[in-house]
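Here is my note on the model, as numbered points. Please keep the structure open while you read.

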Amino acid sequence: MDDDLDLALGAVGPRLRALRRQRETTLADLSVATGISVSTLSRLESGARRPTLELLLPLARAHGVTLDELVDAPPTGDPRIHLRPVTRHGMTMLPLTRRPGGIQAYKLVIPGDGRRARPDPQTHEGYEWLYVLNGRLRVVLGDRDLVLTPGEAAEFDTRVPHWFGSADADPVEFLSLFGRQGERAHLRARPGNPPAAGPPAHG
């Protein structure tokens, strides 16, 4: 499995370069579109830097392809949808949509961390919506440090520094919707229930 993952990740750089050249886009233009520095983009394309989820999400959006297509060649001649999980730094992500552009949906599982991981907030263009299925999700958003429990949701502009991980020693499972800047996800609340969308109050 690790060898397969290394092969898939190793093919990302050439695929990114080919996509950019097909669209006749410069590294500078792509940097403006994604918020990723030119040097980081160059290192990704050359294979000198390993791709991460935070880097691949805005790149997939900018190139108009799904994340699945960046890490593995798309299937041909088979109408069935093949959902391939991607595991990186312990986080497992399963793409739930294959439609290029627009809002992309993912299911993510992050293993528990009894040592309480040190957050490493990232920024990029877009808007993200999270919904916790199982476990407790720690979300660092700007200067806020929140914990979401099953049934709770949060949405935020990804240009705000953000990070998420398990809040305790148990794994956390959640859904993520990621879209272009300005695209928001909304839930219809049941009568008498508080709205499920929007960051929960800290405390």
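**Notes on the fold**

1. Start with helix α5. Leu 53, Glu 54, Leu 55, Leu 56, Leu 57, Pro 58, Leu 59, Ala 60 and His 63 are buried there. Buried means under 20% relative accessible area, exposed over 50%, and partly exposed in between, with a 1.4 Å probe and protein chains only. That makes nine of the eleven residues of α5, so the helix is mostly covered. Helices (H or I, at least four residues) and strands (E, at least two) are DSSP runs, numbered from the N terminus.

2. A word on the basis. This is a predicted model, where local features need pLDDT of at least 70, side-chain atom pairs count only at pLDDT 80 or more, and totals for chains, interfaces and linings use all residues. Residues are numbered from 1 along each chain as its sequence is written, and side-chain values use heavy atoms, with hydrogens and water left out.

3. Now the whole chain. It holds six helices and nine strands. Of its 203 residues, 39% count as buried. The accessible surface comes to about 11,000 Å², and carbon and sulfur atoms own 51% of that. These areas come from the Shrake-Rupley method with a 1.4 Å probe; for residues, only the protein chains shown count as cover. Take the contacts between residues at least 6 apart in sequence: 65% of them join residues at least 24 apart. Contact means heavy atoms within 4.5 Å.

4. What follows α5? Just after the helix, Gly 64 takes a positive phi of about 70°. Gly 64 lies in the loop between α5 and α6 (67–71). Its relative accessibility is 30%, so Gly 64 counts as partly exposed. Leu 19 is 45 residues away from Gly 64 along the chain, yet their C-alpha atoms are separated by 9.6 Å.

5. Look next at α3 (residues 27–34). Its buried residues are Leu 27, Leu 30, Ser 31 and Thr 34. They span an arc of only 105° around the axis, which puts them on the same side of α3. The arc is that of the directions from the helix axis to the C-beta atoms. What covers these buried residues? The cover includes α2, α4 and α5 (53–63). After α3 comes Gly 35, with a positive phi near 80°.

6. Helices α2 (residues 12–22) and α4 (residues 38–46) pack at an angle of about 115°, and their axes are 6 Å apart. Axes are lines fitted to C-alpha atoms, for helices over the stretch in contact, and angles run from 0 to 180 degrees between N-to-C directions. From α2 come Gly 13, Pro 14, Leu 16, Arg 17 and Arg 20; from α4 come Leu 44, Glu 45 and Ser 46. By type, the contact has three nonpolar, two polar and three charged residues. Here Ala, Val, Leu, Ile, Met, Phe, Trp, Tyr, Cys and Pro count as nonpolar, Asp, Glu, Lys and Arg as charged, and the others, Gly among them, as polar.

7. Arg 20 deserves a look. It sits in helix α2. Buried or exposed? Arg 20 is buried, at 11% relative accessible area. Leaving aside neighbours within four places in sequence, Arg 20 is in contact with Thr 25, Thr 26, Leu 27, Leu 30, Glu 45 and His 63.

8. On to the strands. Three of them form an open antiparallel sheet in the order β6-β5-β8. β6 (144–148) and β8 (162–166) stand at the edges with a single partner strand each, so one side of each has no neighbour in the sheet. Neighbouring strands are turned by 20° against each other on average, direction ignored. Two strands pair if DSSP finds at least two bridges between them.

9. How is β5 covered? Five of its five residues are buried. Leu 137, Val 139 and Leu 141 lie on one side, Arg 138 and Val 140 on the other, so both faces are covered.

10. Last, the pairing of β5 (residues 137–141). Five bridges join β5 to β8, running antiparallel. Leu 137 stands opposite Ser 166 in β8, and Val 139 opposite Phe 164. Five bridges also join β5 to β6, again antiparallel. Leu 141 faces Arg 144 of β6 across this pairing. The β5 and β6 hairpin has two residues between the strands, and Gly 142 takes a positive phi near 65° there.
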